[in-house]
Amino acid sequence: MSPRGALKPGDLVTARVARYDPERDRALRWQTWQVAWKPGLTVLDLLHQIKEQQDGTLAFREACRMGVCGSCGMYINGRPRLACNTQVGELGRRVTVSALPNHDVIKDLVSDLAPTFARHRAVRPYIIRDDHAEMNQPTREYRQTPEELETYIQFSGCITCSLCLAACPIASTNDLAFLGPQALAQAYRYVADSRDAGVAARAQVLSGPHGVVSCHLAGACSEACPKGVDPALAIQFLNRVLLTGRSERTGAPLVEARPPAGPPPADRPVAPPANVKADRGDGSP
Ligand code: SF4
Ligand code: FES
């Protein structure tokens with residue numbers, strides 16, 4: 001049942017927040033505060049009120065406060081969400097907040113996004129041209145038609161918030177080497193771009209044991225994504241390109257069909273993070 005409208009201005013909301021200080025804690029500990037609700041109060045506003053009026057040591061990360069920078073991802077009432085984009089009025093009188101699952105905790109609600117960025121880098125998320133000299137010193141625009149833009153524009157809205165990785169059941173079963181939905185969706189964003197010729201250069205990472213083959217199509221990533229990127233759809237499109245070895249646009253051969261599984265390339269900069277394991281108290285992994 002949606003609790004929308006149930007709260008009145010001045011009603012007290014109970015905020016239960018997972019704390020973790022690496023200098024003193026061996027596991028997460030929970031702390032509870034009460035905050036007066038007012039219309040428009042977001043979870044990020046609520047955390048600011050706690051920090052400014054009740055406990056200045058509470059750590060969380062934010063920047064834009066408008067769902068654009070991707071830095072305020074947290075696990076809120078059982079789902080990965082952006083704190084600045086989540087209305088307390090839609091959650092009810094109890095708000096439970098912890099750092100993102102499938103991520104290390106740096107402090108309190110600050111999740112370590114470095115492994116997400118490393119996964120992203122591993123798929124080479126930029127236009128790769130056949131002509132490397134031209135790629136490094138472009139002498140002209142690389143033009144494309146509206147139809148060509150349409151093939152990837154949906155997937156280009158990623159803000160690297162890592163909510164999709166936090167929701168991913170494969171990552172939560174300790175396959176933290178899995179490239180994950182964010183990186184794979186961004187790989188497809190470039191593979192599908194008419195200006196890009198880099199699918200073969202990316203194929204070893206994408207077709208390896210931690211690439212698309214590890215995705216079990218649960219779809220939790222797409223449900224969690226606040227920007228409508230739909231990583232699960234991108235991964236299916238990417239899988240088709242890698243299986244057929246042909247461009248979706250032109251049908252031209254791109255890569256050999258999926259190579260046999262083997263160890264990931266030695267230089268792949270994805271280190272399995274050792275998550276802080278703790279009972280989040282809400283049934284989450
Ligand atoms: S695909 Fe969506 S959920 Fe995943 S990092 Fe990008 S914006 Fe966030
Ligand atoms: S503060 Fe930037 S997305 Fe929430």
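Let's start at Asn 77. Asn 77 has 27% relative accessibility, so this residue counts as partly exposed. Remember that what you see is a predicted model. Where does Asn 77 sit? Its place is the loop between strand S3, residues 73–76, and strand S4, residues 79–82. Now look at the backbone. Phi of Asn 77 is near 45 degrees, a positive value in a residue other than glycine. Why flag that? Because most residues other than glycine have a negative phi.

Next, Leu 217. Here phi is near 60 degrees, again positive in a residue other than glycine. Leu 217 is in a loop too, between helix H8 (199–207) and helix H9 (220–224).

On to a helix pair. Helix H2 covers residues 114–122, and helix H7 covers 180–191. They pack at an angle of about 25 degrees, with axes 8 Å apart. Angles under 35 degrees count as roughly parallel, and H2 and H7 are therefore roughly parallel to each other. The crossing of H2 past H7 is right-handed. Which residues make the contact? From H2, take Thr 116, Arg 119 and His 120; from H7, take Gln 182, Ala 183 and Gln 186. By class, that contact has 1 nonpolar, 4 polar and 1 charged residues.

Now zoom out to the chain. It has 10 helices and 7 strands. There are 285 residues, and 50% of them count as buried. Take the contacts between residues at least 6 apart in sequence: 66% join residues at least 24 apart. Last, the surface. The accessible surface of the chain is about 13900 Å², and 51% of that belongs to carbon and sulfur atoms.

Notes:
Residues numbered from 1 in each chain as written. Chains lettered and ligands numbered in written order. Predicted model: local features only at pLDDT ≥ 70, side-chain atom pairs only at ≥ 80, totals over all residues. Heavy atoms only, no water. Axes fitted to C-alpha atoms, helices over the stretch in contact; angles between N-to-C directions. Helix = DSSP H or I, 4+ residues; strand = E, 2+ residues; numbered from the N terminus. Parallel < 35°, antiparallel > 145°, perpendicular 65-115°, else oblique. Left-handed = near helix turned anticlockwise from the far one by under 90°. Contact = heavy atoms within 4.5 Å. Nonpolar A, V, L, I, M, F, W, Y, C, P; charged D, E, K, R; others polar. Buried < 20%, exposed > 50% of the residue type's maximum accessible area, 1.4 Å probe, protein only. Areas by Shrake-Rupley, 256 points an atom, 1.4 Å probe, with all protein chains shown as cover.
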